[in-house]
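Have the model open while you read.

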Amino acid sequence: EDFLDFVGRTGSPAHTVAEAKKRLLAAGFVELSDVWEMKAGGKYFITKEGTSICAFGVGGAFDASKGGVVIAAAHTDSPCLKLRPCSKMPSSAGMLQIGVDTYGGGLWHTWFDRPLGMAGKVICATKEGMEEVLVRVEKPICLIPNLAIHLKNEKERQAFSPNKENELQPVLCPPCGSSLSSSAKKEEKQEESPERRHHEELLEVVAESAGVDAADILDVDLCLMDSTPPCRIGAFVSTPRIDNVLSTWAAFDGLIAMDKEAFQNSTDLMVAASFDHEEVGSVSAAGADSAVLERWLNEALKALDGRWSDVVSRSFLLSCDCAHGLHPNYMSKHQAQHQPILGKGIVIKSNSNQRYATTPILAQMLRKVGEVSKVPLQEFVVRNDCPCGSTIGPLLSAQLGIRTVDVGAPQWAMHSCRESAHQDDVQALRDLCKGFFQSFRSVDSSTKTL
């Protein structure tokens, strides 16, 4: 229920960060600014561009000569449809439409015939200049209607493959009581202006949800989202953005939920982090493939009178990103000896070609953490005749020179508008992150490597 509440308040990377930030503040974490002042037993966090976030728990017995940095990392973004800089499209068939870009590798056919809301940021004019304001339009205001089967030819019926430029542009639905044609005609008559690059009807709805004046909106940074709330289906959860809001929730809640005694006795610096733009390669100022995490770690260790070179050999990264659960209708898509089942535990992801950073010794160390934490673990490798996805694990491992294991909760319909997972795996991932923070040091201390 806690995860469903968390994901139900998101809709954009900025909202995922805002929800994590709210929970960190409630748990006594202090937001860092330009001057980093940290001490043993302290709890801190910092954000980047409002879409990436990193929290630090400094063990009460932190010692750079004995402990290390233990990191659980995820990403805040999900495949979605994003409004274009000029989203205002000419009316078509008497309807208003908005122009969108495809973000990431989504299963775009799943966005059809769903009630769609929006979430993200608006840039508003102020007396001093401008500011960003979070906005979440929960009510459905858009729809991408399917074409009736009677109007499709035989080839189109066999394989639904919409043209992403021409056939994936949402209809902006007017409020009850408004005439469909009058809204379109109103837009046609309005004088074109480079400052008004979005439909007035859209800006009015967004302004109302953001609590600002529509005339003050200079621009928008908005993602479309399924407006149907998250729900349970028996033992399963159905919600948008399981990939990868689930991992973000688990990493941060695992840090927040650490046992008081374990936290006070820890010699480690515990870190939960989540980055934007993973779905498009992570190469951005707020992405994992940037200097941001390395800078944050150096600043934290400097404030604690330590250095990265002092702790890197004892440090470890748990790269958390969802895994492909075995699908009952497509069992042949999984390698026969690596078929993670929903509800049976967290998945260790391995790939000989380094699409995942896991190695046998590191996987075995995590199995020990799972044993101590009472979290069952499963295994996944992709078939030789299938492409393999990747995560932030390999790139952070390479950047930082840190030991890394890729893990994730198994799910169905990854990159769909709406995804599914098992409630036991949701809890298990959170428990694994918590157990990782609490027990990794003892596992590492009892492991000898070449």
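## Pockets and a helix crossing

The lining of the largest pocket has 12 nonpolar, 8 polar and 1 charged residues (Ala, Val, Leu, Ile, Met, Phe, Trp, Tyr, Cys and Pro count as nonpolar, Asp, Glu, Lys and Arg as charged, the others, Gly among them, as polar). This is a predicted model, with local features needing pLDDT of at least 70 and side-chain atom pairs pLDDT 80 or more, while totals for chains, interfaces and linings use all residues. Numbering runs from 1 along each chain as its sequence is written, and side-chain values use heavy atoms, without hydrogens and water.

A pocket here is an open set of points on a 1 Å grid where a 1.4 Å probe fits, with protein on both sides within 12 Å along at least five of seven lines; lining residues have an atom within 4 Å of a point. Volume is the space filled by probe spheres set on the points, joined across faces, edges and corners.

| Pocket | Volume | Lining by class |
|---|---|---|
| Largest | about 750 Å³ | 12 nonpolar, 8 polar, 1 charged |

In the largest pocket, β15 (323-324) and β19 (410-412) each give the lining at least two residues (strands are DSSP E runs of at least two residues, helices H or I runs of at least four, numbered from the N terminus).

As for the helices, the axes of α6 (residues 242-256) and α12 (residues 423-445) come within 8 Å and cross at roughly 40° (axes are lines fitted to C-alpha atoms over the stretch in contact, with angles from 0 to 180 degrees between N-to-C directions). So α6 is oblique to α12, oblique being what's left after under 35 degrees (roughly parallel), over 145 (roughly antiparallel) and 65 to 115 (roughly perpendicular).
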